[in-house]
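User: I would like a close look at one part of this assembly, namely the surfaces that one chain presents to its partners. Please take them in turn and keep to what the model shows.

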Number of protein chains: 6
Amino acid sequence: MLRVDKRKVDEKREVKITRDYTVYAEGSVLIEVGATKVICTASVVDKVPPFLKNQGKGWITAEYSMLPRATQDRNQRESAKGKLSGRTMEIQRLIGRALRACLDLEKLGERTITIDCDVIQADGGTRTASITGGYIALEMAIRRLIEQGALSENPLISNVAAVSVGIVKGQELLDLSYVEDFEAEVDMNIVMNEKGEFIEIQGTGEESTYTRAQLDTLLKLAEKGIAELIEIQKREIKECFEGC
Amino acid sequence: MLRVDKRKVDEKREVKITRDYTVYAEGSVLIEVGATKVICTASVVDKVPPFLKNQGKGWITAEYSMLPRATQDRNQRESAKGKLSGRTMEIQRLIGRALRACLDLEKLGERTITIDCDVIQADGGTRTASITGGYIALEMAIRRLIEQGALSENPLISNVAAVSVGIVKGQELLDLSYVEDFEAEVDMNIVMNEKGEFIEIQGTGEESTYTRAQLDTLLKLAEKGIAELIEIQKREIKECFEGC
Amino acid sequence: MLRVDKRKVDEKREVKITRDYTVYAEGSVLIEVGATKVICTASVVDKVPPFLKNQGKGWITAEYSMLPRATQDRNQRESAKGKLSGRTMEIQRLIGRALRACLDLEKLGERTITIDCDVIQADGGTRTASITGGYIALEMAIRRLIEQGALSENPLISNVAAVSVGIVKGQELLDLSYVEDFEAEVDMNIVMNEKGEFIEIQGTGEESTYTRAQLDTLLKLAEKGIAELIEIQKREIKECFEGC
Amino acid sequence: MLRVDKRKVDEKREVKITRDYTVYAEGSVLIEVGATKVICTASVVDKVPPFLKNQGKGWITAEYSMLPRATQDRNQRESAKGKLSGRTMEIQRLIGRALRACLDLEKLGERTITIDCDVIQADGGTRTASITGGYIALEMAIRRLIEQGALSENPLISNVAAVSVGIVKGQELLDLSYVEDFEAEVDMNIVMNEKGEFIEIQGTGEESTYTRAQLDTLLKLAEKGIAELIEIQKREIKECFEGC
Amino acid sequence: MLRVDKRKVDEKREVKITRDYTVYAEGSVLIEVGATKVICTASVVDKVPPFLKNQGKGWITAEYSMLPRATQDRNQRESAKGKLSGRTMEIQRLIGRALRACLDLEKLGERTITIDCDVIQADGGTRTASITGGYIALEMAIRRLIEQGALSENPLISNVAAVSVGIVKGQELLDLSYVEDFEAEVDMNIVMNEKGEFIEIQGTGEESTYTRAQLDTLLKLAEKGIAELIEIQKREIKECFEGC
Amino acid sequence: MLRVDKRKVDEKREVKITRDYTVYAEGSVLIEVGATKVICTASVVDKVPPFLKNQGKGWITAEYSMLPRATQDRNQRESAKGKLSGRTMEIQRLIGRALRACLDLEKLGERTITIDCDVIQADGGTRTASITGGYIALEMAIRRLIEQGALSENPLISNVAAVSVGIVKGQELLDLSYVEDFEAEVDMNIVMNEKGEFIEIQGTGEESTYTRAQLDTLLKLAEKGIAELIEIQKREIKECFEGC
């Protein structure tokens, strides 16, 4: 099987990071994964949600949205519909959980960092791009808090990145584009840290199923992809804080 | 480590099924998994959602809700809040995907079956109990459609059941109760069919991570639990349609 | 005229009470009135709504809901619609007023008891069953507050129960089932206490009217039915707190 | 006991009707009952709600609202809150039921008449004034449909009017003003037709109760008040269609 | 061109003010501009919105609504729709800005005055009538605060009034009625103070455009109309506080 | 007075246009006006809103939104709040009216073009940048419809652009940045076409006023700015359809 864009089965799409894409946010990037483009910003405020009040602990939360014409056909805005779809809520919760796993919330102190992931153009893998890019925005914000003396200790534990894998016409593939995702029998999103540990596995066989052997192949592809993404994250942070 | 209720690490809670728990639904059960109690009903209507119109295909959808005092403390009703929480939407979507995998939607014809899962009492594992019980309600409804001659061919492909597994204080456990779930470092919901294939894996290390070896142990526990649950499903259906 | 279920005109349906139907609530029953089934739970919290702050007075409030398949055809959930119907709000307000009449809110102290009435199966008379069952759940909760020493004085004044009466094809009937209610020219819900005093009368001639003589007959039927219901309430409470 | 405005216990407040208060509606009045002022308009459209489609039958529905400063203190608009309160829905449903009882919906044909009741100033009895005034607007609209030849047969069966009665400091009173209503142990709204038959009785002892003897006294007061109101309705309609 | 109601191009409609139209509000008028009728009430509370807390400054805000049958055809209530339309929000914001320009918010002290503008009958120019009438209600409320000693210094700076102007079939006109507004190529709302200064200009050529020369003519018409309206305002206030 | 960025009083900020910023929309640009950045996309569908059905006429509508961190401090998403603010609705209506004035809706045929304006970074003038950029996206979409043969006749009448002007510390200024806008006594948004005619004037003296002489100065500044903007629009379109 030949992939539309000639990629090998274990080859992820090209990733491009534009740092400080917007000027006001404490950290921000435009992440491009192939034709998928997401603006990720990290916003810091010195308070926490009610359920964490007076515990000396911080919080990371995420919001996700698509511009109405990020897709082939225009979608109605959720602000116009007056409510968030189940898909949006599920993605926001995933991104939040993933990014909370990369740091020690106690060391963050009583502050909340909100990661906004706004999809400008969608060609598959928007939620995993949001996690991978969101991590960079988050680390930028945290490093600046440290530089400013607002944080005395670095709360970061490990890089976190995410990738999709799936089975298309019986073939396991790394990093599905939209057309691949549309045709996939199985679609799986994997979030891992730099030690190769899992933070999240979400694998769905929509109107289909997969065997234990297929699962093993998919996990191996994800490990490879995520290792490459974490390398990119580290290079970007290095250039930003040492090189620039 | 001793579990609160003395269960072994690979021992699921006792499951009790009350068939035809309500009289109006085409299929209905009360499923009790330990202290967790869920009413699952299957309601059939002869129309499909707009996106499936005129395709000769059916649809399975699910709704999930908790009575306000299903839990230790009373929760506000989502009808009073005026919107569904992200958690509810995520669970509904999961149940729907899981149950769509158990049958051939083409053979179902242009009808929709709604599986309502209403949690009367919650002690962990409400979403997996909803899938396991929802499958029985669904099969009851479909068998009755066949008995009435409304369906000429059986659209069912395979039983589907679900169970939670997790890691508590470093120990992998099958079928977490609420106190175990609350303490768990890793929480995973697995949906499988009777052939031992995966339909869905959702594994989250909330503020934690897990290794590949731990994942393998968890998957093995889930396989055991789901095989036992499917045996119970088959026995119940047999008693209902042959014995009663 | 013969009633479908062979009952005499002044005969109420069989009533069955399952006490402590759920384990977490301070008081709970499943009340069955013929085929109508309602779970009533009483939940106690140590605060009051804003309009009662700092008055040393308590509050009783009620919420009412139907499972989507409690009825012949499936109804859309109000949580999915995003708002409560007028019918639901009217019933909730009625149950709340009825149960506030059974006790001295000053003696209750600054606490709120919420009575949740969730209809599992509906065959007419769900709002009156909610009041009759809700009273038992409420008394259970209050007696336990007294047992625990949280209340020094018993705030209960009198039992409260409710029943529907109506005119079907010119005949006054006690305790209408759904088919009778559907055909009724006049539908009346009566709430009374154990002294035979009225707490609420709601009598509607939907597209019809009724004379003073008919009203008198209906009130007499209601008195009989409510006296019988209060006897059942007293027996259940006695068994629970003396016998069990 | 002397009433604040010197009325006798069985004396209703002065009623003033301004016909055709607004120019666009098919029928409209400003009804003033003491200091209570309600604009009632009847709007006719040639279609019916979905549940009545193709049955050759019409429908009467009502909406009720208060201007924010109709009361002593300003209330938030329900349009700003984004939802109707339970009180508003209950009143709308009452007005609709009451006015549907005054005519033969089959003879009305496939049209809907909406009665809008907007309270300009509230001094107790706004829902009963809405029914009494709403009837006049409705009859005006129907007579004009007949004059225009749109209706061949008069669907009206009987005048309908409403009044409140209640018990204040143990004394039964006709037509409560706001201060009386506020102090009332028992508050009852009665809707009757010109034959002296009941259409609706709603009697609530909020945190109180009432005996059968008290009920009889209240019903007698209501009969007297409603007979007087129907006389006023008839005079107004006569002046409008014969005198003007 | 002859205007439907025979007015000259620079002639505004007759204006009628009924002061203290409702009894509870601190200030209230019914303003009639031709067939357009708006009830304007001013309600005073001793607190300010959160963004003004502890600044020793007051606030003026406005709400606008139409009765459903204020217009030729009945409109759905915004309370029933569950949200305010864009048109309503735009008008409310305009009225609020216009009336805030007539006084010194510092001298008002920490209180909020809400101007409610409820359109009883709409024949064009409802938003400008709301401003003109709202000013009178506001001045009445403020003068009474001064009389009661609640305000030591008069915060009012200048009268404020508003009028619409427009171009219909190429002719510039003052104070458009509904039929004129409907046909207008250009529709402009002007708010001015008694010194002839502008507070707001909103001029829209819906599917049309206008030249600089036309703009100048429109502004001159508006100046004339507003001067006349301010004279009426001053006379009403004088009669109210000196004559009555 | 020196402007923060050293501009002369009649000097607009630098404008940068990135054409086809997203790949799916029929027309799209990123417009940058100083630090203000807005993505404008034009989406074409072959149907019209209900009020235009079967009239052979098209429609242009606009939606406007800000990314939560487009501003100095993070704003809550309107999708999370569940409703659009008054400000957003007002801006959307303005952009829609402005762009409908640039073309003949009859010649557009039964299709709707939606202009989405998503603010990535906000430094004042976001609504005027949306109109100026939205026009380019709209013309790109229309020219492509013509190229594809979907439109036989060009419906475009004239370029349309917009700019803000205002009075800051008594000085009239062209194209206010955020800090200037924040300090402005008067804020005015002007929309004009290439013939120098007005489409919209919105001039507000928030808690302030302005004289006729000041208005004249402001209008002159706007004319200059808009002429320059239209020149840029023409150059971009030329490069796109002739040069590229």
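How much area do chain C and chain D bury between them, and what share of it lies on carbon and sulfur atoms?

Analyst: The model is a predicted one, and in it chain C and chain D bury about 3,000 Å² between them, with 50% of that area on carbon and sulfur atoms. On the side of chain C, Glu90(C), Phe198(C) and Arg212(C) supply 20% of the area buried against chain D, which is more than any other three residues. The contact itself involves 34 residues of chain C and 34 residues of chain D.

Turning to the polar side of this interface, there are 14 residue pairs in polar contact between chain C and chain D, counting pairs with both residues at pLDDT 80 or more. The side of chain C that touches chain D is made up of eleven nonpolar, ten polar and 13 charged residues. Four salt bridges are found across the interface of chain C and chain D, and one of them joins Arg212(C) to Asp216(D), with the closest N and O atoms 2.5 Å apart. Helix H2 (86–100), strand E9 (198–204) and helix H6 (212–243) of chain C each give at least two residues to the side that touches chain D. Strand E9 of chain C also pairs with strand E9 (residues 198–204) of chain D, in the antiparallel sense and over five bridges; within this pairing, Ile201(C) stands opposite Gly203(D).

The other surface to consider is the one that chain C presents to chain B. Here chain C and chain B bury about 2,900 Å² between them, 49% of it on carbon and sulfur atoms, and the residues of chain C that lose the most area to chain B are Tyr24(C), Arg69(C) and Arg77(C), together accounting for 28% of what that side buries.

With both residues at pLDDT 80 or more, 21 residue pairs are in polar contact across the interface of chain C and chain B.

Methods. Residues numbered from 1 in each chain as written. Chains lettered and ligands numbered in written order. Predicted model: local features only at pLDDT ≥ 70, side-chain atom pairs only at ≥ 80, totals over all residues. Heavy atoms only, no water. Contact = heavy atoms within 4.5 Å. Buried area = accessible area lost by both parts, 1.4 Å probe. Salt bridge = Lys/Arg side-chain N within 4 Å of Asp/Glu carboxyl O. Polar contact = N/O pair within 3.5 Å; in protein donor to acceptor, adjacent residues only side chain to side chain. Helix = DSSP H or I, 4+ residues; strand = E, 2+ residues; numbered from the N terminus. Nonpolar A, V, L, I, M, F, W, Y, C, P; charged D, E, K, R; others polar. Pairing = 2+ DSSP bridges.
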